[in-house]
Amino acid sequence: MQFIPEKDRQYLRNEFSKLKKPVRIILFKEESGCESCQNTLKLMEETTSLSEGLELLIYDLDKDRESANVYGVDRVPGVIVKGEKNHGIRFFGIPAGYEFSSLVEDIIDVGRGETSLSQTTKDKLSELREPLHIQVFVTAACPYCPKAVRIGHMMAMESNKITADMIMANEFPQLSNRYGVMAVPKIIVNGAPSFEGALPEQEFVSHVLEGKV
């Protein structure tokens, strides 16, 4: 089974050829008990094969516990997109469907060393003094979810105080139930349900940073 259609591969090769810095994709998986781990591995292999500037590192959650602790990974599949440093950009669950675009755009941002966030947002993030953990619950069929995921991931790239996760709601039902995820995208900030919907950048950032700066 091929995840990335042939017609899309040349487009991605062209986009990835513009990367200025190498990008590492780090995958945490398990050999058993993880229904989507093998498909996630296959998708990451296909993606990283499209550019010499992409490298795939594979870890087992149980066997490589020290590395998992370094990246704060406690569930699988877990995917980290990092460059020269760890930006706190993470995916839990296979980034397929509409969320594949989030993965691709994250790779491009990290490889270019910049995001498209406004200067106003960047200035607000520079004032952040306490750690923030953003979790964006999504489904692969949600066309509005990538916008929320991308803003969260770009915020993480712009601030070393922020870690941002995409979480496939259907792959982690217990976690979804804990936070009362009934619609997506659902955004959780520091463990507290915050808001729903793919808000414009300014509103999204204001909700996330409310009372934090």
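Trainee: What should I keep in mind before reading any values?
Mentor: This is a predicted model, in which local features need pLDDT of at least 70 and side-chain atom pairs count only at pLDDT 80 or more, while totals for chains, interfaces and linings use all residues. Residues are numbered from 1 along each chain as its sequence is written, and side-chain values use heavy atoms, with hydrogens and water left out.

Trainee: How much space lies in the second largest pocket?
Mentor: About 160 Å³, where a pocket is an open set of points on a 1 Å grid over the protein atoms alone where a 1.4 Å probe fits, with protein on both sides within 12 Å along at least five of seven lines, and lining residues have an atom within 4 Å of a point. The volume is the space filled by probe spheres set on the points, which are joined across faces, edges and corners.

Trainee: And which helix gives the most to the lining of that second largest pocket?
Mentor: Helix 4 does, with five residues, and both helix 1 (6–16) and helix 4 (99–112) supply at least two residues each; helices here are DSSP runs of H or I with at least four residues, numbered from the N terminus. The lining of this second largest pocket includes Tyr 11, Phe 100, Val 104 and Ile 108.

Trainee: How far apart are the end C-alpha atoms of helix 4?
Mentor: They are 20 Å apart, which agrees with the 20 Å that its 14 residues should span at 1.5 Å a residue, the expected span being 1.5 Å times one less than the number of residues.

Trainee: How many residues of helix 4 are buried?
Mentor: Eleven of the 14 are buried, so helix 4 is largely enclosed by the rest of the structure; buried means under 20% relative accessible area with a 1.4 Å probe, protein chains only. Among them are Phe 100, Val 104 and Ile 108, and just after the helix Gly 113 takes a positive phi of about 75 degrees.

Trainee: Switching topic, what is the count of disulfides?
Mentor: The count comes to two, a disulfide being a pair of cysteine sulfur atoms within 2.5 Å. Cys 34 and Cys 37 have their sulfur atoms 2.0 Å apart, whereas those of Cys 142 and Cys 145 are 2.4 Å apart.

Trainee: Which residues line the largest pocket?
Mentor: Cys 34 is one of them, and the lining also includes Glu 35, Arg 75 and Phe 172; the space in this largest pocket is about 200 Å³.

Methods: Buried means under 20% relative accessible area, exposed over 50%, partly exposed in between (1.4 Å probe, protein chains only).
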